[in-house]
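I opened the notebook to work through one structure, entry by entry. Each entry notes what I looked up and what I found.

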Amino acid sequence: MKDLSFSYNWNNKLDNKAFTTIRLKQEKRFVAGEEFKIILEPKGKEAEIKGIAKIMDIKHFKLSGLNNFMSYIDTGYSKEECDKIIRRMYGKCDFEKQELSFILLKYN
């Protein structure tokens, strides 16, 4: 089983039965039906295993297609703030070309 790590629990989403994550598109890494060990690894703190979650669905999009619905659900912030967060996380990406994945997961 693969690990899926988070450095921050945006919007306290990892404490819900289902949650989303926005990641760089990696078709071979993220596949609907696959299970991951969810790990919260905040900087300077001990890692916490949150549980096992299954990918329920994936929607691919370009950063220009990010909307408030996705942004608020995933991070708790507006589209503009979420855009800044993503650009900071993946600084060297060419977002004109790079696709992202909006991934829906549910704990078992």
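**Entry: leucine 100.** I looked up its accessibility in this predicted model. Leucine 100 has a relative accessible area of 0%. The cut-off for buried is under 20%, so leucine 100 counts as buried. I placed leucine 100 in strand S5, which covers residues 99–107. Next I listed what leucine 100 touches, leaving out residues up to four places away in sequence. The list holds Ile22, Arg23, Leu24, Lys25, Lys59, His60, Phe61, Leu63, Ile86 and Phe95. I also checked one distance from leucine 100.

**Entry: aspartate 74.** Is aspartate 74 buried or exposed? I found 4% relative accessibility, so aspartate 74 counts as buried. Aspartate 74 sits in helix H1. I set aside its neighbours within four places in sequence and read off the contacts of aspartate 74. They are Trp10, Asn11, Lys13, Thr20, Thr21, Ile22 and Phe102.

**Entry: two asparagines.** Asn11 was on that contact list, and I followed it up. Asparagine 11 lies in the loop between S1 and S2. Its phi is near 60 degrees, which is positive although the residue is not glycine. Asparagine 11 is partly exposed, at 40% relative accessible area. I then turned to asparagine 12, which lies in the loop between S1 and S2. The phi of asparagine 12 is near 55 degrees, again a positive value in a residue other than glycine.

**Entry: cysteines.** How many disulfides are there? I counted zero. The sulfur of cysteine 82 has its closest cysteine sulfur in cysteine 93, 14 Å away. A disulfide needs the sulfur atoms within 2.5 Å, so this pair is too far apart for a bond. I checked from the other side too. For cysteine 93, the closest cysteine sulfur is in cysteine 82, at 14 Å. I also looked up how accessible each one is. Cysteine 82 is buried, at 1% relative accessibility. Cysteine 93 is partly exposed, with a relative accessible area of 24%.

**Entry: aromatic rings.** I counted five aromatic pairs. One of them joins phenylalanine 30 and phenylalanine 36. Their ring centres are 5.9 Å apart, and the planes make an angle of 40 degrees. I noted this pair as tilted. Phenylalanine 30 is buried at 6% relative accessible area, and phenylalanine 36 is buried at 0%. Ring pairs also link Phe6, Phe19 and Tyr107 into a cluster.

**Entry: the largest pocket.** I noted the method first. A probe the size of a water molecule, rolled over the atoms, shows where empty space is left. The largest pocket holds about 290 Å³ of space. I found 17 residues lining it, and the closest to its centre are Phe6, Ser7, Trp10, Arg23 and Met89. Which helices and strands supply at least two residues each of the lining? I found strand S1 (2–6), strand S2 (18–24), helix H1 (68–75) and helix H2 (79–89). The largest share comes from H2, with four residues. I sorted the lining by class and got nine nonpolar, four polar and four charged residues.

How values were computed
Residues are numbered from 1 along each chain as its sequence is written. This is a predicted model: local features need pLDDT of at least 70, side-chain atom pairs count only at pLDDT 80 or more; totals for chains, interfaces and linings use all residues. Side-chain values use heavy atoms; hydrogens and water are left out. On a 1 Å grid over the protein atoms alone, a cavity is a set of points where a 1.4 Å probe fits but cannot get out, and a pocket is an open set with protein on both sides within 12 Å along at least five of seven lines; lining residues have an atom within 4 Å of a point. Grid points are joined across faces, edges and corners, and a volume is the space filled by probe spheres set on the points. Ala, Val, Leu, Ile, Met, Phe, Trp, Tyr, Cys and Pro count as nonpolar, Asp, Glu, Lys and Arg as charged, and the others, Gly among them, as polar. Buried means under 20% relative accessible area, exposed over 50%, partly exposed in between (1.4 Å probe, protein chains only). Contact means heavy atoms within 4.5 Å. Rings of Phe, Tyr and Trp (its six-membered ring) pair if their centres lie within 6.5 Å; planes under 30 degrees apart count as stacked, over 60 as edge-to-face and the rest as tilted.
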